[in-house]
Structures are given as C-alpha cells and as structure tokens.
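Please look through the following structure slowly, with the sequence at hand.

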Amino acid sequence: MGTVATIRQDIGNLPLELTSFVDRETQLSEAKGRLATSRLVTLIGMGGVGKTRLAIRVGSDVRSEFEDGVWLVQLDLLQDPVLVPQTVAATLGLREQSRKAPLETLADYLADRHLLLLLDNCEHLLEATAALAMRLLQRCPDVQVLATSREPLGVQGEALVSVPPLAVPDEKARESLAEVARNNAVTLFSARAKAAVPGFRLGNDNYVAAAEIVRRLDGLPLAIELVAPGLRAFTIDDIARRLAAVPRLPSTRPRGVPARHQTLQASLDWSYDLCSPEERLLWVRLAVFRGGFDLDAAEAVCAEDGLKADALVGLVAALVDKSIVIKERADSFARYRLLETIRDFGWAKLVETGELTMLRRRHRDWYDRWLQQVDGNWIGPRQVEWVKRIEREMPNLQTSMEFSLSEPGQAGVALAMAGKLADDYWLVRGPLSEGRHWLERSLAHDVGRGPDRNRALFMGVVLAALQGDLAAASRFVEYAQGRSESADAFAKIGGGALALWTDDLQRAAELFQDGAEKFRVIGDVRFELEALTFLAPSLMLPDEAGAVATLEKILAIAEPRGELFHRSLALSYLGMQAWREGNFERAVTLLREGLASISKAMKPLSARFFLLWEVWSVEALAWTSASHRDYRRAAILLGVAQAVADHMGIPTTVPGYLMRYHQACEQQVRAALGEDGFESEFEHGLAISTDDAIAYAVEPRSELPAPPSSSVQSQSSPAVPSTDAAESPRQPVIRVVIVDPHRIVADGLQLVLTQHPDLQVVGIGANAGDAVSLMSSTSPDVVLADYQLPDATGVELARMLRKDQPTVRVLILSSVVSNALLQEAVKAGARGFLLKTQPAEQLIDAVRRAAAGEVLIPAVRLAGFLAGSEKDAQLFDLLTGREREVLRLLAAGLDNRHIAARMKIGYVTVRSHLRNLSSKLHAHSKVEILARASELGLIVR
C-alpha cells in the first residue's frame, strides 16, 4: 500500500457563507489593518460572539493578496495538542511522510509559500498553537497567521483585535423603527426570524420587542441565533417577556463571571427549558459525539433509558427546528452536529446526570463495531467511500480511542481500532505521524499478545519505514510474537516489510511468501492480498517471473471482488515490468489503465490527492516517454512526481529498488532537452493541479493548461517527437565491449547480455591492447573489463580510456572486492567494481545504469574517495551544474527565493535541487547539507 499527497492548490479552502453576514465594519477594518503590519493577528472574544465568521470574512477580503491562498484550520474538534501540526498539514494537503518532527516538516513546506493561515478556536490548545505559530513565523517569512481564541496566544509580536458583541439599541433613547432596523443586533435577529418564520417582518408593531430581545441577549450572535427560532412557538412579545424575567443584576451571578457570559448561559438555559423532556435528554446525550453524527449512530448511542428508538428521528428534527442541532448534507446522507458552545452546555448537563461514562462507552462501542464493519468489507468496490466516511468520523474515532486508553483494561480496544485505521485510512490518506502516534500510545499499554497487537505492530513497521525511520521499524518487528496462526502471519509480514525497506530482497520475499501462505490457509483474503502486494516488489529484481506470477495472483483475487487499491498497484508494477522487458506499448497500456481506474474512483473526494502508487505510475510513464523520446512529456511527469514528494516532505517518492531507473531517465531527459529546457518543463509539472496531472498522464493526446507562473517558459524546450507518432522509436541500444582473457567467460557474458534487446555486444577482446583497438571501430557505451588482464589491470585500462575515450563507462569485474581496490578503480575513472559471482540480472542492471551515466557507488562514499582531488570529483559529477550553483549560493547565505532570482529559475525548482542535494549527501536540512558538503570538500566555508 502507500501514502498520499495533494498537488499544490492556490485557491485555499474558505467555506461559502450560507447565512447573511451582519456588518462589523469596525472590527473588519481593524483586523485587515493589523494584518498589513503584523504577521500574527488574534481575534479575541468570548464564545458565541462571532469570531469565526469575522475571520472568514477577513480572509475572503484579503485572499487576492496571498499567492498561495487563505486556509482555514478548524481546531475545535481536536483534543490532542500533539496533533496540531498534523491537522494544519492535512488542511494544506501536506501528507507528510518525512521522519522529521511534523512541525519541522510543515515549516519546510511553508518556507517558500505566501499564504494566510486561519487558526480557528485555539483556546483549548493554546500552548500547542502558540508553539506552532512561533515556529512558522520564524521559519516562513511569507506566512501570516490569523487566529481566533478566547484569550491571546502569548507570542511575541502578536496583534490583538477585540471582538465584542454586536451593538444594541440604546435602552434610554427612544429610537424610531428606522433607527432600530439599522442596528446590527436587530438586523441579525430579523434575518434569523425570517428564516424561522418566513412571513416575519420588522415593523411598528414589533420593533420595540425586537430591540428589547437583543438588549436582553447583550447582542451576542449565538444567543440571538438560539432565541430567534422560538418565534415558531411564541410571539415576539412572549419572547421579550420571558427574557425580561431572567435576572440580569450583577449581584445574581457567581463572583467573577462576566455579565455577557451569564447572558449566553441564560439563553442556553432558555432554549433548554423550551425543549420537551425527551428533547432535553437527547440534546444532553448528543453531546457525547464530536464532529457530527448520523441517525444510525444517534439511535445506537442515545436510545433506551428514557428515549424510544422509534421517536428519535422526530426528536432530532425538533432540535433542528430549534437551532440546537445543525443539519448538513454528506453526499446522499443527512448528517447532524452541535455547535461547540451548545455541545459544551450539553456535556455539562451530561456530567450532572451521572451518565457520562455509560454514554461514552456506548459511543466507543458503536464506533468500534462500525470500524469493524468497514474493515471487514474493505476488499471490495467501496474502498473510496470508506475512506471518505472514516475521514468524516475521525473526531468520533479519536474520541473513542481516547476513552479506551483512559479506562482500565480497555486499551486493547484502542489498539485494535488504531491498527484498522492505520491500514484503512492513515496509510492511504495520511498523515503517517498521526497513525504512529495512536499506535505507539496504544502499544504502551499492556494489551496482551494476539492478532490485533501484531497487526498494529505490522502497521507500525510500514508507517515508520515509509517515513524512513528504520530504527523504529526494527523495534516494532522485535516486539512481534505470534501465539496463533494469524498473529504469526502478521509477525512474518512485519519482518518482511523491514527487510524490503532495507533492501534485503531475498529475506523479504521469504517472509512475505510465508505470511501469504499462512493467511491463505486461515482464509484471511484481506491480508493474503496485502502480503502478496508486498511480495511482488521483493521479487521484481531477483525473480522477474515470480514477480509477474504474484501480480497476476493479486489481480485474480482483486478483480472479481471489485477491489481498487491492490488492483491498481498490481497494474502499476506489471507496467514497470513490461517497460524493463522493452515492451513499451504494453507498459503504457497497463500503467494508464491502473492510473485511470483508481483516479476515476477517487474523483468524488472533495480534496483529491495522489496515492503513492499512482505517483509510481506517473514516474514509470515518464520512463516510457523517455524511451519513446518524448522528452518534454517525460520532464513534466518527473515534475509531477517531485511535487508529490515536496508535499510529503521527502526528497523523492521513488523507492530504493526503482531509484536507478529514475536517475537514468532524468539524466537522459536532461541531456536531450538541455538544462534550461528540462528545468522549464519540470517546473511546469511541479505546478499543475492533481486533476490536470492525472489527465495528462492518462490521456496520450492531453495538453496541459498554461503554466501558472511566468517562471515556466515551455517554448524554451526544443521540439521533440510526440508519443503519438505513428511509429514509436525503439529503446536506445547500449553498445558493450567485453575484455576478458578467458574466452569461455567472455562468451558467457555475451550470452547473458544478448538476451536483452537493448544490449548489444559490439566487440570482445582478450587484453587491454585489444580493448584500445576496439574503441574507434565499435564506439561502445560500456566496457566490461576483467581486473586481471595479461598486459595491464582493469584499473589501468580504465585510466587509459579515461584519458582518450572520456565518454566510455568502464565496469571492472573481479573475484574479490576490497575497499582499496574500490578506491583504486574510482580514482582511475571506473564507474563500478562488480563481483564475478553476482547474479546475471544484477550485471544487466549495472550495465544499464552505467550507460545512463550513473556511478554504482553511493554518492557520499564516492565523495569520500575523491575529496582530495577536485579533478577526480568533477569527473564523476556527484552534483549537476545547477546543484553546485544552488549549493554555492546556499553557502553564501541566500534563501530559496533569492537563489531563484539569482539563477533566474522558479523557487519551486530551487526546492527540487535542495531535495536532490539532501538525497545525494544524506542530509536532512540545509544546515546538514552545508556541513556534509564542507566535509566532502564540495564547498569551502
């Protein structure tokens, strides 16, 4: 499986305003003025005063000033302060996969973006939101924050804007109808009264009562919203008289409680008193839900003990009419929620009843059963629907896990839920760190040993490995112990996942095969399919036939059941395999089929995102485009794949066992287009939307929209043949010369190489002299030379060819390899040093990689060998010219935007170069890049 990312969207996510906005010109002007001079502005006011609506209106008014949009982050449903950075990241579409702290990943992502964050309802997470705001303001010069809270965040430089209740008519002044009608509080009351009673009109007969009502409610918008629906049952004069009966003198309220807080409480009490006993009981019990509920959930949790299940629908409808419950539409289903202030009121009443623990247990049990249903029906055509529903229910699911972890002996329920969510949601939707957070919290309790625990451990391995945290993945594997067939099977595939990410493909294949067989025997189709999906990439290099057979088995299981995700991934892998075999047409067909099928299914999601294996399909389609010599399309698709990596906070989405193909493709395309042409098209791919990117990848004749930034100039690219040409060009042939004193060895090497249509043996020599003579007549791309030649060593041959034939890549074969021999070969200009005992497929792979210009030695180790010689280091091109220039400017103290301006490239491209530098130098930050480059002599500091 995998994780996901959302390609950059510049619009933001401000919601449409479904009800009228009552003019707050003073606070609106003040807030916008503060934003013009301060990077952090906080709207301060009591609950129910209208801070959120004001913040949204401010954001809407200034949206055009922010290149990357205005983004509303709703924190009212979040309980755990640890998850604040992940919540912001998820809102922005950043599906983090980095093992760095989520806040640092978020700061990296926002470092070069120009946007406004609206952090709504911060008061219950003050310390966490203050830490987040402080870090982002330090790291991200073009990010501003507009927060809403009942108290200040307390961050240096914070500008405060007080949000008072709406002004009300003067009780002492005798105002006319026209004057009262212009009052903001009366305007709001009148608008909500019309919504409740369509025939309502403010006139001479009722304006005095309306003025009295809003005065009694102190102009609090939420209180007005609660009282106005009472017109369905009472006259406006009745409401005014009832409110007048509520004591308002300061002496009647508890010491220290502001009058306006008492007014809100009184309006809630008034609404509560208007309800029937059954409606009151339902209101109180509904407070156990967080983020909303549907009727099935309300019936399961709230019915019985005084509430009949068959009366529940009518009771919910009555609370909707009274504006206690808000009705919303979720796809084709009705969904309901309580405003947070109304929920808090109900929660306090629930505590008073003594039913809190009982209701929380019912709530947890319902969502536990619901999640079991989702998980049990996962292998089928409804996977995308389940993802959407889990996302909607996530606040309730988090609340359920929190309750289980707080109750003695219930942590096992939280663990089982976390394991299912890790597989069904976090792995697909992200963020990975949130999944690890719940898994690790649950595993910290004594939950016994069994399938639930081992499934959670397996998911811990996968999530940690995807983040590059192999130490944590190893710990998860160590904890796994099986006391049943199912538990043992999970332990097997957990170990296999760790072996796969550490490139121990043989061990991975053995463990996945064992795990798949165990799941097959016990009849667990879900995890047999999961194990097979991990087995396939483990076999792709060492056993191509086995990999294809495994992928066909996955399709045989998935297709009859209508399963989407595993089928799509299997088609992607089959497409890659077809490309490796030189069957380009079949490769394109399979890759596009897999991408199109999953993309069609995912289209209904409100926030479209890339699944990781969708990105692999896009990446592989870039390879096929390069093989067809459609270099412009290849560069754009490589840019799309890199954009996903940027949104995940990682250098690349390409797994290690596919990296060689990515590097070869990029080098080929750069060479064909030139640096400027490549960067132009690559940045175009970085900037396009998810939907446009998928359409371009899937449809052979699809054209991209114009680049969103002037930094992308596609006309700078040279004209190149289209993939739609009547005759597709064949894959470029790699010309090879073999040099070995033993003819039988040379013939064996020739037999291995010529089984692949892209490899052609153009000459065979027995010594170094033969090799030199063959150069002019055969023009080889690669020379395979034995280390022990009769007239020289293979290293000496490499040195000779380096001088006279600098474009030829030399690979040296030997029976033994030592560090000294390796360094000697590198100094001579050889591209790699191979053992004669290596499997044939590894030899083939090495030849292809060398022909593409790759050095078959890790960059950091190679740089260590060459640190003393600038000439030798330049020979191996550890860094491209653009990367060297970015590194030089970075060392000079320039930030990304100034580097982009100096180099006349887009700042998105600068980020891409920094990702490459991070990967090549094994660094995780700009500071580490500079330190490592200094150690290796790549820069002088």
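Which residue stands opposite Val161 in β6? Leu43 stands opposite Val161. The model is a predicted one, in which local features need pLDDT of at least 70 and side-chain atom pairs count only at pLDDT 80 or more, while totals for chains, interfaces and linings use all residues. Residues are numbered from 1 along each chain as its sequence is written, and side-chain values use heavy atoms, with hydrogens and water left out.

**The sheet**

Strands of a sheet pair through backbone hydrogen bonds, either parallel or antiparallel. Here five strands form an open sheet in the order β3-β4-β5-β2-β6, with parallel pairing; strands (E, at least two residues) and helices (H or I, at least four) are DSSP runs, numbered from the N terminus, and two strands pair if DSSP finds at least two bridges between them. The edges are held by β3 (70-74) and β6 (159-162), each of which has a single partner strand, so one side of each is left without a neighbour in the sheet. On average, neighbouring strands of this sheet are turned by 20° against each other, direction ignored.

Strand β2 (residues 40-44) runs parallel to β6 and is joined to it by four bridges, and Thr42 has Leu160 in β6 as its bridge partner. Buried means under 20% relative accessible area, exposed means over 50%, and partly exposed lies in between (1.4 Å probe, protein chains only).

**Helix pairs**

Two packed helices are described by the angle between their axes and the distance between the axes. The axes are lines fitted to C-alpha atoms, for helices over the stretch in contact, and angles run from 0 to 180 degrees between N-to-C directions. The table sets out two pairs.

| Helix pair | Axes come within | Crossing angle |
|---|---|---|
| α16 (residues 356-376) and α18 (residues 411-429) | 10 Å | roughly 40° |
| α3 and α4 (residues 102-110) | 9 Å | roughly 35° |

α16 passes α18 in a left-handed crossing, and α3 passes α4 in a left-handed crossing too; a crossing is left-handed if the near helix is turned anticlockwise from the far one by less than a right angle, and right-handed if clockwise.

In the pair of α16 and α18, residues including Arg364, Tyr367 and Asp368 in α16 meet residues of α18, among them Val413, Met417 and Lys420, where contact means heavy atoms within 4.5 Å. By class, this contact of α16 with α18 has six nonpolar, one polar and five charged residues. Ala, Val, Leu, Ile, Met, Phe, Trp, Tyr, Cys and Pro count as nonpolar, Asp, Glu, Lys and Arg as charged, and the others, Gly among them, as polar.

In the other pair, Pro85, Gln86, Val88, Ala89 and Leu92 in α3 meet Pro102, Leu103, Leu106, Tyr109 and Leu110 in α4, and this contact has nine nonpolar, one polar and no charged residues.

**Two loop residues**

Asp218, in the loop between α8 (207-216) and α9 (221-227), has a phi near 55°, a positive value in a residue other than glycine. Is Asp218 buried or exposed? With a relative accessible area of 16%, Asp218 is buried. Glu304, in the loop between α13 (295-302) and α14 (312-321), has a positive phi of about 80° although it is not a glycine, and at 55% relative accessibility Glu304 counts as exposed.
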